[in-house]
Amino acid sequence: MESSSPATVSAGHGPGPAPADLLRRLRARGAGDPVTHVERVPARAGAPAPWPSWAPAELQAAFTRRGVVAPWQHQAQAATLAYDGDHVVIATGTASGKSLAYQLPALATLLADPRATVLYLAPTKALAADQLRAVAALELEGVRPACYDGDTPRAEREWIRRHSRFVLTNPDMLHHGILPGHAQWSGFLRRLAYVVIDECHTYRGVFGSHVAHVLRRLRRQCARFGATPVFVLASATSGDPATAAGRLTGLPVTAVTEDASPRGGVTFALWEPPLLPPDSGAAPPDSSSVPGQAAGNRSSAPALGQAAGDRSSAPALGQAAGDRSSAPAPGQAAGDHSSAPAPGQAAGDRSSAPAPGQAAGDHDDLRQVRRSALRETADLLADTVAEGVRTLAFVRSRKGAEVVAANARRSLDDAVPGLGDRVAAYRGGYLREERRELERALLHGDLLGLASTNALELGVDLVGLDAVLICGYPGTRASLWQQAGRAGRSGQEALAVLVARDDPLDTYLVHHPEAIFGAPVEATVLDPANRYVLAPQLACAAAEAPLTPADLVLFGDGAKEAVDELVAAGALRQRPTGWYWRHRERPEVDLRGEGGAPVCVVESATGRLLGTVDGGSSHFLLHPGAVYLHQGVSYVVDELDLADGCALVHVEEPDWSTHARDVTDLSVVSVRSYVDAGPVGMFLGEVDVTSQVVSYQRRRIATGEVIDTRPLDLPARELRTVAVWFTLSPQSLALAGVQSADVPGALHAAEHAAIGLLPLMATCDRWDIGGLSTAVHADTEAPTVFVYDGHPGGAGFAERAYGTASAWLRATRDAIAECGCETGCPSCVQSPKCGNGNNPLSKPDAIRVLDVVLANLPE
Ligand SMILES: [Zn+2]
Ligand SMILES: [Zn+2]
C-alpha cells in the first residue's frame, strides 16, 4: 500500500536522539563491538513533476483534495507511459507513491471514456480493501469502485459485474471466479482498458508461475471480446523488473525505476551478536526467554488470522520443519529436504505464517555459539524505547515477534514499571481497524516499540519511524530495503539495524556489506514453463474456451507438449477447431498449493478446521505425534488420515518439540544443460527425489536434549523437480588434499553452505530448496552435490543457481572460509534442517572442494 505524495504529512514529534548518537550508545552496551559495518544512506530530495497534460482537471482536483499537490517524476513518467499504451512496471521503494502511477492513467481513462473499465489485482484482500478506500475517497463520478472477492456477498456480485468500472480483486478470485465465469463478465472484459497488478514482486516461484498463466488466460478472454488492456505493474524495488514483469504478463514491459520521492537519511548498521563462551550452557534462544509468553501474549493478540485472509490459514511450518532428517545414511547420501513452505515474504496471507525455520525447532540440535538474534533484538528494542525512539522490529516468525516484544516489555518494566506497556507485538491477520489503531498509537507515541512479522511489508501504512530493527536477514535485499524503508520521517535521520542470525547467509552478509549495499536487489524468479503449472493452467484455459494453435503461442514454451500430454491423459480432445476440455466439472487447480491436495487440520474435540498444510509438507508436520503450532497455540496430532486428507489434533503443550526424519534418494532423469570443466562437471536437469518420513525425534524445548526417536509408518513420496549439481573427479579431490574418508563430510558441508547462500542469487530462501551429497552417485558415478527445487517441476531456483554458478559457489566458499569457528557452526556449514543431524561435516575439506570447482569452472 502506497500513499506517499508530496503533501503527505507525518504526525509532528520532536526529534529523537540523532541516529549516530543512538547507535553509539547501543553498541557501547556490551563487551565487544557487535557492529561490523555502518552505511550512511544519504537523504534524497524529492523531484516533483507537473501534472501530465492529459490528466483532466477534475482528476487533478480530486488528488489535490486528498493532499497530492503534484506527482513525483517517477509517478508522472510511469503514468504517461501507461496512458500512451505501453505496458509499464514501476519498481521503486516503500512509500514512494506507486499507486498514483496507475491510478492516474486508469482513472483519467475512466473519466474520458464512460464505458471503459479497470481491473486491479492485489496479492491480499486487505491490500485490495485499502486500495478501494483510496480510490473511493477520490469521489469520482461514475467510477463505482468495488472489491470482488470471496467475501463479496452474492447479492452484490451481479451489481459489481454490471456497474462497477474499477474492480479490485486478487489472482485467486480471477482464477476461480472471474475467468470461469467470463460469460457473465463479457461486458466488463470487452471494455477493459487497464489491468493493474500491485505488489507484483510477490508473484514468484511456483505461485508466480501460476499467476503468469492466469494473466495469459485473462489476456485470452479479453482478446476474444476484442479488448487489449494495458498492464501497469507496481513492484517493490527488484532486480531487472522489466524482465520479471515480462515473464509474469507475457508482454513487453517498460520499467520505471528512478525513485524521485524524498527520503530521510538512514544510518544503517550491520550487527553481529557476540559469540557466547564455549559450553556456557546457554539455553536455546526461544525457550528460556518466554516465561508467561504462552498465556500473556496470546491473550493480547486475538486470533483473527482467518478473518481477513484469502485463505483460512497458513501452516505453522516453523515448528516441525526444523529438521528433515534422514536415517543414518545407508547409501551415504546426505539429504536435506525441502517440501517448500512458502517463504516469509511470499504472496498473500501465507505471509502471516511464521517464517519457516525461525520458531521452536530452529537450532536446538546445534550448539548455540552466538547470542540469539531474538534476544539481541529484544534488548535493542528495549534500549531504543527507553530512549524515546519510535522503533519497529521486524522478526521473521510470529512466535519470534512475540518473544521479542515480551522480553523487551520485561526489561523495560524492570527499569521503569509500566514502561513495558509501550511495546506491543503485531502479526498478520489483524482487521483493518486494529491495524489503524496500532498505526495511530505508534504515530502518536502512545506506543513506542512494535515487534512485527513481515506482515507489515504489505498493506500497512506505517512509515516515518525513528528506528527499524531487522532481526535476521529477511531473505532478500528487496525485503531488507522494504523493511528498512519504514525508517525515516521526511527531513529526519533514522537508524536501521540488521541483526544477524547464526546462519551462513546472515553471517556472510554482515561481513560483506558490499553484498547488501553494493549489489542490485534480486530478480524476482518465476518459471511459466514449469510443466506442473503449465498443464493444469492449460486445462483451466481449455475449460474456459477451446484452445487454438494461437493460444499455444500465448502460453509459451512447453505448451504444445503439455497439451499433447493432456490429450493422452484423456483430459482434452483434439478436434479440427482446437482442443476441448472433456469433462463437465472444471479442473481443480489451486494457485498456492502444490505437492498434492492440502491436508486439513481439524481439532478432534470440536470439529473445528484450524487450517491447511500443503500436501508436500504434511508428512513432516502432521505425522502422528507431531507437535503442531497454529497461531501460537500448540496441538498434538492424533491421527493423519491420508485418504481423507485430514489430520486430527488436540490442544496440548508438551515441553518437547518434534522433528521428523526422512530417508531420501535422488535419481537423474535428464540433463538439460551442462558445463564440462575438466575434473569438474556442472549440470542442470530433471531429477526424481524420493523421500519417506520414517521416524521422528522428540526433543526437550529448554535444552534441545533428545528424548527419544519413534518410528513412523508413512508411504514414500516422489518429487520430480529441477536440480543443479556438480561432480568432481576423485583424483582432483585427492590432489587437493581431501582424504577419501573425508569426502562425504566435505561434500555435505559444501552442500549445506551452498544451500544457505543460494538466496543471495535468487528470491528463494533455504526452505525452498533441498540438497543431497554423496561420495559416489549411481547416476553420475562421481562425488556429487545436488541442490534441487523443493517444488514439483521446479520454480526457477536451481536454474538460477546454474546460471550464476561461479558467483554462487564463490560466495559459498568465502562464507565458509571467513567463518571464525574451527570445525563448523550454524554460521557456516551446519544446517538447521539437515537430514543427517549435521553429520558428517568437514569444514576445511568443504573449502578444498569448492576451490577445485572454482578453479576449473569458467566464470
Ligand atoms: Zn562457522
Ligand atoms: Zn545435511
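Student: Which residues do ring pairs link into a cluster with Tyr674?

Tutor: Phe683, Trp725 and Phe786 join Tyr674 in that cluster. This is a predicted model, where local features need pLDDT of at least 70, side-chain atom pairs count only at pLDDT 80 or more, and totals for chains, interfaces and linings use all residues. Residues are numbered from 1 along each chain as its sequence is written, chains are lettered from A and ligands numbered from 1 in the order in which they are written, and side-chain values use heavy atoms, without hydrogens and water.

Student: What describes a pair of aromatic rings?

Tutor: The distance of the centres and the angle of the planes. Rings of Phe, Tyr and Trp (its six-membered ring) pair if their centres lie within 6.5 Å; planes under 30 degrees apart are stacked, over 60 edge-to-face, the rest tilted. There are 12 aromatic pairs here. Tyr674 and Phe683 are stacked, 5.8 Å centre to centre with 20° between the planes. Phe683 and Trp725 are also stacked, at 5.5 Å and 10°.

Student: Is Trp725 buried or exposed?

Tutor: Buried means under 20% relative accessible area, exposed over 50%, partly exposed in between (1.4 Å probe, protein chains only). Trp725 is buried at 2%, whereas Tyr674 is exposed at 52%.

Student: Where does Arg157 lie relative to Tyr148?

Tutor: A charge sits over a ring if NZ of Lys or CZ of Arg is within 6 Å of the ring centre and within 35 degrees of the ring normal. Arg157 lies over the face of Tyr148, 5.4 Å from the ring centre. Arg224 lies over the face of Phe225, at 5.9 Å.
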